[in-house]
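Me: Hey, I'm new to this one. Can you walk me through a few spots once it's up?
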Amino acid sequence: MKMEARLKSGILWNIAGFGVTALLGMVTNIVVMLYGSSDILGMYNQLTAYYAVLGQLASCGMQQAGIYFLARAKNKDDEGRIAGSMLSCSAAAGAAAALFLYLSAGALGRYIYRDPAMEAGIRAVAAAAVPFGINKCILGILNAYRQMEKFSVLQMMKYVIILLTVLTAVYWQKFYEYGIYCFLAAEMLTLILGLFCVRKAVRVKMPRFSIIKEQFVFGSKAVVGGVVNQLNTKVDILVLGIFCSNDIVGIYSFGAMLAEGVLTILFVIRANINPILAQLLKAGQTERLSQWINQLQKYSRLAAFGFQGVILAGYYILCYLMQKPAYLKGAFPLLILLTGISIAVPQILKGNMMTLSGRPQADSKITVAVVFTNIVCNVLLVQRFKMTGVAAATAFSYGVYIVLVEGFLRRYGICADNKQK
């Protein structure tokens, strides 16, 4: 009962936190739409795509390692050394990711985008890699200790800073000079508060080399899945940005933002469910695990389709209220994206179960296959169908995800719901 009460409290905090961050994300896009242009909105969302993928590389999978290793720690000393190892790995990985993206920005700007502004923007994103990786690690530690209030506050604070930075830059028509550094500003200020929160949760200690090696191996297996999972939500915007103008990307990304918001809700719920599932898997409580899985299968997809209708209605109302009819061109791609997500909801919610059972390489294989499918389909469809093409390609990738998740769960005997009559 105590575990379930903490779960409910954590979910409520995360849903409240998501409500605020989703609103802030929407407001940020609206601010750019009102005071900037669809070109700036397109560039901002492309940089956001780089930012999201970069965070996974910079964290080196330590947010997943936190749940797995801290749940198996034998004493407080082990917990402190595990936390120290996580922070060390994420700092090193963040530095490597920053260097790689910074050096790649020149080639991307000159040969792919042919746009000096994009080159500068990508370098600005690269500068945020080190604090971003550490912050994701900090959130993983707080999640493992079920300190969801602090988890949610840190997430919200990050988006507040991004909004304020972008608002100021766009209003004064200085987005290309200063607005591109919104992610760096947000990560640095979040890092200061995040380190204080971790200090209250666990006494971080100098890690042993054996712990670092074990966690790095685990994280490197999980990080591939994390990177491609994030990439899968951003492939459409990245591919559209390469083959189409920034204004088309801006129109599409405004609707895609809402679809990504639905995914974020699902990831928030999954983040709260993961520690519970990890404990049930560790204890071998298959009957209770079956009950959890069956509840997900029974209600999640129906709720998602209902929520989809609300989002579509809200999108039309928002475009008319803001007197931006050009953005209505993004309504049909949004419908395609939301339908694909709604069908795949149960599998998205239980998609981390291979990692939680000690098989992170299985999650990585699934997500690599899905993102490869998504990239190929996006490239094939974007030049002829533009926004509709990339939306259809992304929706199709969710169908591939469903098939692969169910197949791997059955293969490893984890899919307890299939055993339940």
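Me: Where's Q46?
Reply: Q46 is in helix α2, which covers residues 38–59. Keep in mind that this is a predicted model.

Me: Is Q46 buried or exposed?
Reply: Q46 is buried, because its relative accessible area is 0% and buried means under 20%.

Me: What does Q46 touch, not counting residues up to four places away in sequence?
Reply: Its contacts there are Y113, M118, I237, L238, G241, N246 and V249.

Me: OK, new topic. Which helix is L381 in?
Reply: L381 belongs to helix α15, residues 360–411. With a relative accessible area of 26%, L381 is partly exposed.

Me: And what is L381 in contact with, leaving aside neighbours within four places in sequence?
Reply: K386, G389, A392 and A393.

Me: How far apart in space are L381 and A391?
Reply: They're 9.4 Å apart, C-alpha to C-alpha, and ten residues apart in sequence.

Me: Let's stay with α15. At what angle do α10 and α15 pack?
Reply: About 20°, with the axes 10 Å apart; α10 is residues 246–283. That angle makes α10 roughly parallel to α15, since angles under 35 degrees count that way.

Me: Left-handed or right-handed crossing, α10 past α15?
Reply: Right-handed.

Me: Which residues meet there, between α10 and α15?
Reply: From α10 you get I248, I251, Y252, L263 and R270. On the α15 side they meet K386, M387, V390, A391, Y398 and Y401.

Definitions and conventions:
Residues numbered from 1 in each chain as written. Predicted model: local features only at pLDDT ≥ 70, side-chain atom pairs only at ≥ 80, totals over all residues. Heavy atoms only, no water. Helix = DSSP H or I, 4+ residues; strand = E, 2+ residues; numbered from the N terminus. Buried < 20%, exposed > 50% of the residue type's maximum accessible area, 1.4 Å probe, protein only. Contact = heavy atoms within 4.5 Å. Axes fitted to C-alpha atoms, helices over the stretch in contact; angles between N-to-C directions. Parallel < 35°, antiparallel > 145°, perpendicular 65-115°, else oblique. Left-handed = near helix turned anticlockwise from the far one by under 90°.
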